[in-house]
Amino acid sequence: MGCCSGRCTLIFICTLQLVLALERQVFDFLGYQWAPILANFFHIIIVILGLFGTIQYRPRYIVVYTVWAALWVAWNVFIICFYLDVGGLSKDSDLLTFNISAHHSWWSEHGPGCVRREMPQAPGVRTTESHSYITVMGCLMEYQYIEVVHSGTQILVALLGFVYACYVVSAITEEEDSFDFIGGFDPFPLYHVNEKPSHLLLKPMYLST
C-alpha cells in the first residue's frame with residue numbers, strides 16, 4: 001500500500017514538473033534565453049523517463065531521474081544567484097544567451113503591470129539595438145524576482161521528486177528482493193507433489209463364492 005501511494009505521488013510530481021517545465025520553456029523561448037532553453041529540454045526528457053520508470057516499475061530509470069533532480073536543484077540555485085547578482089554574477093550580462101545576443105528575460109518588458117514604451121533615437125544616432133531605446137514602467141514586480149519565484153518553485157518540486165523517487169526505488173527493490181527470496185524468479189520452481197505409495201493403490205480383490 002505504501003509503495004502504491006508513493007508511486008502515485010511521484011507520478012503526480014513528475015506530471016506537475018512537466019507542466020511547469022513547458023510553461024518555463026515557452027517564456028524562455030520568448031526571451032531567447034538559450035542556456036535555460038537547453039536545460040529545460042533535458043529536464044523534460046529526464047522527467048518523462050522518470051515518469052515512465054515509475055509507471056513501469058523500472059528502478060534504473062527512476063535512479064537517473066533522482067540524479068537529475070539533484071542537478072536540477074543546483075541549476076536553479078545558479079539561476080537565482082544570477083538574477084540576484086550573487087557571487088559576481090550579473091543579471092545584465094549575456095551569460096544565459098551564450099553572449100550571442102543582448103536579449104534578457106521576457107518578463108523584463110512584459111511583467112505584470114509593466115508599460116512598455118519605445119523612446120525615439122537621438123538625432124544622428126543609428127543602432128540595430130532597438131531594444132536599448134525601450135523603457136518599462138509601472139511593473140508590479142521586478143522581472144528578476146519573477147525569475148527567482150520560477151526557480152524557487154522548480155527547486156521545491158524537484159526536492160519533493162527526489163525524496164519520493166528515493167522512497168519508490170527503495171520500495172521496489174525491497175519487493176523484488178522479497179520476491180526472489182520466495183522463489184518468484186526461480187526458473188525451475190519446486191512443487192510439492194503428494195503422491196501415495198503405489199502399493200497402497202492396489203486394492204485386494206476377493207472372489208465371491
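## Overall architecture

Of the chain's 209 residues, 33% count as buried, a class defined by under 20% relative accessible area, with exposed set at over 50% and partly exposed in between (1.4 Å probe, protein chains only). The model is predicted, so local features need pLDDT of at least 70 and side-chain atom pairs count only at pLDDT 80 or more, whereas totals for chains, interfaces and linings use all residues. Residues are numbered from 1 along each chain as its sequence is written, and side-chain values use heavy atoms, with hydrogens and water left out.

The secondary structure comprises six helices and two strands, arranged from the N terminus as α-α-α-α-β-β-α-α. These elements are DSSP runs numbered from the N terminus: helices are H or I of at least four residues, and strands are E of at least two.

The expected span is 1.5 Å times one less than the number of residues. Tyr57, which follows α2, has a positive phi near 60 degrees.

Helix α3 (residues 59-83) has 25 residues and reaches 36 Å from its first C-alpha to its last, close to the expected 36 Å. Just after α3, Asp85 takes a positive phi of about 60 degrees.

## The salt bridge

A search of the whole structure finds one salt bridge, the criterion being a side-chain nitrogen of Lys or Arg within 4 Å of a carboxyl oxygen of Asp or Glu. Asp85 pairs with Lys91, and their closest N and O atoms are 2.8 Å apart. Asp85 is partly exposed because its relative accessible area is 34%; Lys91, at 16%, is buried.

## Surface patches

Leu38, Phe41, Phe42, Ile45, Phe98 and Ile100 make a nonpolar surface patch of about 620 Å². Patches consist of residues with over 30% relative accessible area and no salt bridge, with nonpolar side chains (Val, Leu, Ile, Met, Phe, Trp, Tyr) joined within 5 Å and like charges within 9 Å. Accessible areas come from the Shrake-Rupley method with a 1.4 Å probe; for residues, only the protein chains shown count as cover. Ile100 lies in the loop between α3 and α4 (107-110) and is exposed, with a relative accessible area of 62%.

A patch of negative charge on the surface gathers Glu174, Glu175, Glu176 and Asp177. Glu174 lies in helix α5 (residues 143-181) and, at 53% relative accessibility, counts as exposed.

Conventions. Lys, Arg positive; Asp, Glu negative; His and termini not counted. Charge placed at Lys NZ, Arg CZ, Asp CG, Glu CD.
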